[in-house]
Amino acid sequence: MPHDPARTPAPAPFGHTRARVGLWLATCALSACATTPLPPATPVSAPQPPVSTAAPQPTQAHAPAPVTAPPTTAVAASSLVQAAPASAPEGEAAARLLRYADRVRSLTPAELGLEIAALGDPGSAPERQLQLSLALMHLNQPVETARALGLAQRVANNPAPEAAPLKPLARLLVQRFMEQRKLEEAMDKQAAQLRDHQRRIDQLNERLEAMRAIERSINNRAPAPAAPAPRAP
C-alpha cells in the first residue's frame with residue numbers, strides 16, 4: 001500500500017523544542033522556590049568588647065583649671081579737694097617759712113633759746129610772728145605752745161594785706177598747735193594722777209612704818225619686876 005505523504009506529520013523544528021524545554025525547567029524552578037520554605041536567617045550580633053577581670057581603678061577628680069582674671073588697668077584716683085593755685089607772693093612767703101622751720105628743727109636747745117631771744121617781740125609783722133611760733137613749737141613746753149598758738153591765730157585773723165599770703169600756713173599751724181595742746185593737757189592730767197597716787201603710797205608707807213615702830217617699842221620694853229611675896233606672920 002502506497003505511503004500517503006499527506007498524512008505523515010512533519011517533524012517539529014529543533015529550536016522550538018529547546019525553547020519549550022527551557023520554559024518547562026524555569027517553571028519547575030519557580031514552583032520549587034514557592035513551595036519550599038527558606039531556612040530562618042541567623043542574626044549577626046555585634047562584636048562584644050573583652051571583659052577585663054582587673055579591679056576597677058578609682059576615678060580621680062580633676063581640679064578645674066584656674067581662671068585667670070583679665071588684667072585690670074590701674075586708674076589714678078583724683079583728689080576730692082582741688083587746691084587753688086598759689087600766687088607768687090604766697091608761694092615765696094610759704095617757701096621762706098618752710099626753709100626757716102627746717103633750720104630751726106636742727107638747732108640744739110641752747111641755740112634755740114638764742115634764736116628766740118634774737119627774734120624778740122615780733123610786733124605786728126606777720127612773717128616774724130610765724131617765725132617765732134615755729135621756734136617756740138620746738139621747746140615742747142605747754143606755756144610756750146600756748147604762746148605759739150596765740151601768734152599763729154593773730155596771723156590767721158589779721159586783715160592786713162601783707163598777712164594774706166601767710167594765712168593758709170597760719171591756719172595749718174593753728175590746727176597743729178591745738179592738737180599739741182590737747183596732748184600736753186592729757187599728759188599733764190596723767191602726771192597729776194601719778195603724783196596723787198605716789199602721795200597716797202607715801203602716806204601708806206609712813207603709816208606702816210609708824211605701826212612697825214610701835215611694834216618694835218613694845219617688843220623692846222623691859223618686863224616689870226615681879227612683886228615680892230608676902231611674909232608669913
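## Around Leu-173

Not counting residues up to four places away in sequence, Leu-173 touches Leu-130, Ser-133, Leu-134 and Ala-152, a contact being heavy atoms within 4.5 Å. This is a predicted model, so to speak of local features takes a pLDDT of at least 70 and side-chain atom pairs count only at pLDDT 80 or more, while totals for chains, interfaces and linings use all residues. Residues are numbered from 1 along each chain as its sequence is written, and side-chain values use heavy atoms, with hydrogens and water left out.

Leu-173 is also one of the residues with the most contacts inside the largest nonpolar core, along with Leu-130, Ala-135 and Phe-177. That core has 25 residues; a nonpolar core here is a set of buried Ala, Val, Leu, Ile, Met, Phe, Trp, Tyr and Cys residues joined through side-chain atoms within 4.5 Å. Helix 2 (88-105), helix 3 (109-119), helix 4, helix 5 and helix 6 each give two or more residues to it. In soluble globular proteins, nonpolar side chains tend to be buried together.

## The chain overall

What is the chain built from? It has six helices and zero strands, in the order α-α-α-α-α-α along the sequence. Helices (H or I, at least four residues) and strands (E, at least two) are DSSP runs, numbered from the N terminus.

Of the 233 residues, 16% are buried, where buried means under 20% relative accessible area, exposed over 50%, and partly exposed in between (1.4 Å probe, protein chains only). The chain exposes about 19,800 Å², with carbon and sulfur atoms supplying 62% of that; areas come from the Shrake-Rupley method with a 1.4 Å probe, and for residues only the protein chains shown count as cover. Among contacts between residues at least 6 apart in sequence, 59% join residues at least 24 apart.

## Helix 4

Helix 4 (126-137) is mostly covered, with 10 of its 12 residues buried. Among them are Pro-126, Gln-129, Leu-130, Ser-133 and Met-137.

## Helix 5 and Glu-144

Helix 5 has 15 residues and reaches 21 Å from first C-alpha to last, close to the 21 Å expected. Its buried residues are Glu-144, Thr-145, Ala-148, Leu-149, Leu-151, Ala-152, Val-155 and Ala-156. They cover an arc of only 165° around the axis, so they fall on the same side of helix 5; the arc is that of the directions from the helix axis to the C-beta atoms. Their cover includes helix 4 and helix 6 (167-220).

Is Glu-144 buried or exposed? At 18% relative accessibility, Glu-144 counts as buried. Leaving aside neighbours within four places in sequence, Glu-144 is in contact with Leu-136 and Leu-139.

## Lys-182 on helix 6

Over on helix 6 we find Lys-182, which is exposed, with a relative accessible area of 59%. Lys-182 and Pro-142 are 40 residues apart in sequence and 9.8 Å apart in space, C-alpha to C-alpha.

## Confidence

The average pLDDT (the predictor's confidence in each residue, from 0 to 100) is 74, and 56% of the residues score at least 70. Over residues 1-6 the pLDDT is below 50, and that stretch has one contact in the model beyond near neighbours in sequence. Residues 34-38 stay under 50 too, with zero contacts beyond four places in sequence.

Technical notes. The expected span of a helix is 1.5 Å times one less than its number of residues.
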